[in-house]
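Walk through this model with the sequence alongside.

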Amino acid sequence: MNASGSGDGPLGDNWINAIAGRLSPTGANSFRDALHQFADQPKWHGNAALRTKVVAQLRTLTNADASTITDCVPTSTRDQALEHALVAARRHYQSQNAADESAGDAALPPKCLCLVGSDHGRGIVARMASGKPSLRGNEWPLLPGFVHAPADRFVDRIDSSTAIALVSPIDFSGVGQPLTAEWWAACRERCDETGTRLIVDHSDFPAAGNGYFFAHEMVAGISADAVILSAGLTGDLPGGLLVLSESLASHLDDTAQSSDLVGHLISSALSALIETDALAIEADAFAIALAERIATRGCVRDLHACGHTVILELDVESQAWSQQAKTEQLVAHQCSEHSVLFQPPLLITDEQRSILIDRIDAVLAGLEGNQELAQPASDSATNADEAEVPSDIASENDPDDEYDPDDEHAPDETDEESDVDEPEAEDAFEEDELDESADDDFEDEDEIDDEDEGGGEDDEDQTEQDETELEINELDEFESNEETEKL
């Protein structure tokens, strides 16, 4: 909690890391001894017992059976764990469709369906799977087989040609809202119907808390065919863990290399979770306390929580948040353009939680102060523009609005002449057009009465003139109403 761990911020006791749960799920440094043990072992490769140990630890933490957690593969990077998962799922798809191919039926090319806005890493395969166009530049080769869909249409896009459904617990295409229980249930059901393998990329999310290790189990109680882990298990060092179910474990051969060093780090982190019973902690306490503290902050639109992962939806850009956070010596993560993410460790003291919430609230207060400073300046500039030139002087200086203010006939110019000679004054007439139309109506009525009394040989000409004026007045009134509706 007291070190930034990574990023551009300086290290020191004054810096608060709001995503320290990505370094350690319990907040304790359990990796020092694991590194010493790995360095002291006589052989550094081929420790088959290590994978068996990790499988047993995960089953203890998740209460899963052998069919749900069959094998675990520690990998040197999270991207490598993703690649192994995709290979196993594609092989499963090919085995399922082998009968159709032998019968002569042309099977559709297998595809991997991913969420729009997702981020699965920085390798070539991971960039193609990610739903962020910014991660796929012209310098990166385009790999076939990856398609993307938003969360609201994701389940409908799963069909018999979908070999893999790759998702993360939080939809980052908007403001970082966690996927709902209904969404998870529908996705699992659809995958079972089509034979699609559901792979959950949990690599950016530490242990969920509230008695659950995986977020999808906590939210919806469903299992996945494969899970990719990384955050909180390697001490911010490169590495990942691929957890395979029975349906995929047999499709991963010996070519899938495992890392003993990463396996030792992950085993140490899992041991710390078991020994401290950290998953039993009510992870919602942090989100509840934070929500109560910032309830009156106007720059916060909403708060989303998934265990100890909390996302703040902001009324300002997340880049502005990061700039303000530096002044408060707080390290956080930009979740999207208008949201930031916090992931504190599961085991933090009340004092540590209070300090973290104080820093977050101080950042929000600073953002609101910046908005208040900017607002009066904007208002002053507007008022200065309005008061800079008096209306009578502005009339004299405006070449399109030249008339003698003492001439009593000048203001009686018709609307048609005003529209032609004074195009810049259209906005000034909008507020008075209703009153002018009413006055014109009264004048028309007086003129009609005079014509009825006088009669004469020019009745037909006068009638045509009256009809023309009436049409003009009706047109003026229509335009006035139209402008009023716009206002």
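Start with a pair of helices, α2 and α10, whose crossing is left-handed. Keep in mind that this is a predicted model. Helix α2 covers residues 48-62, and helix α10 covers residues 260-276. Their axes lie 10 Å apart, at an angle of about 25 degrees. Because angles under 35 degrees count as roughly parallel, α2 is roughly parallel to α10. From α2, the contact draws on Leu50, Lys53, Val54, Gln57, Leu58, Thr60 and Leu61. By class, the contact of α2 with α10 holds eight nonpolar, six polar and two charged residues.

Step back to the whole chain. It has 487 residues, and 43% of them count as buried. Secondary structure comes to 18 helices and 15 strands. The accessible surface of the chain is about 25500 Å². Carbon and sulfur atoms account for 47% of that surface.

Return to α10, which also packs with helix α1, residues 31-40. Here the angle is about 145 degrees, and the axes are 9 Å apart. The crossing of α1 and α10 is right-handed. Phe31, Ala34, Leu35 and Phe38 supply the α1 side of the contact. They meet Asp260, Leu261, His264, Leu265, Ser268 and Ala269 of α10. In this contact of α1 with α10, seven residues are nonpolar, two are polar and one is charged.

Now follow the chain into the loop between α10 and α11, where Asp277 lies. Helix α11 spans 284-293. Asp277 has a positive phi of about 55 degrees, although it is not a glycine. Is Asp277 buried, exposed or partly exposed? Its relative accessibility is 49%, so Asp277 counts as partly exposed.

Two other residues have a positive phi. Asn210, not a glycine, has a value of about 60 degrees. Asn210 sits in the loop between β8 (197-201) and α8 (215-220). Gln329 follows α12, and its phi is near 55 degrees.

Helix α12 itself runs over residues 318-327. Its buried residues are Ser318, Trp321, Ser322, Gln324 and Ala325. Trp321 leads on to Leu364, which touches it. Leu364 is in helix α13, residues 350-388. Leu364 has 0% relative accessibility, so it counts as buried. What surrounds Leu364, beyond residues up to four places away in sequence? It touches Ile294, Arg297, Cys299, Val300, Leu312, Leu314 and Trp321. Take Cys299 from that list: it is 65 residues from Leu364 along the chain, yet their C-alpha atoms are separated by 7.1 Å.

Finish with a strand residue. Thr162 is found in β5, residues 162-167. Its relative accessible area is 0%, so Thr162 is buried. Which residues does Thr162 contact, leaving aside its neighbours within four places in sequence? They are Lys111, Leu113, Arg157 and Thr196.

Terms used:
Residues are numbered from 1 along each chain as its sequence is written. This is a predicted model: local features need pLDDT of at least 70, side-chain atom pairs count only at pLDDT 80 or more; totals for chains, interfaces and linings use all residues. Side-chain values use heavy atoms; hydrogens and water are left out. Helices (H or I, at least four residues) and strands (E, at least two) are DSSP runs, numbered from the N terminus. Buried means under 20% relative accessible area, exposed over 50%, partly exposed in between (1.4 Å probe, protein chains only). Contact means heavy atoms within 4.5 Å. Axes are lines fitted to C-alpha atoms, for helices over the stretch in contact, and angles run from 0 to 180 degrees between N-to-C directions. Angles under 35 degrees count as roughly parallel, over 145 as roughly antiparallel, 65 to 115 as roughly perpendicular and the rest as oblique. A crossing is left-handed if the near helix is turned anticlockwise from the far one by less than a right angle, and right-handed if clockwise. Ala, Val, Leu, Ile, Met, Phe, Trp, Tyr, Cys and Pro count as nonpolar, Asp, Glu, Lys and Arg as charged, and the others, Gly among them, as polar. Accessible areas come from the Shrake-Rupley method with a 1.4 Å probe; for residues, only the protein chains shown count as cover.
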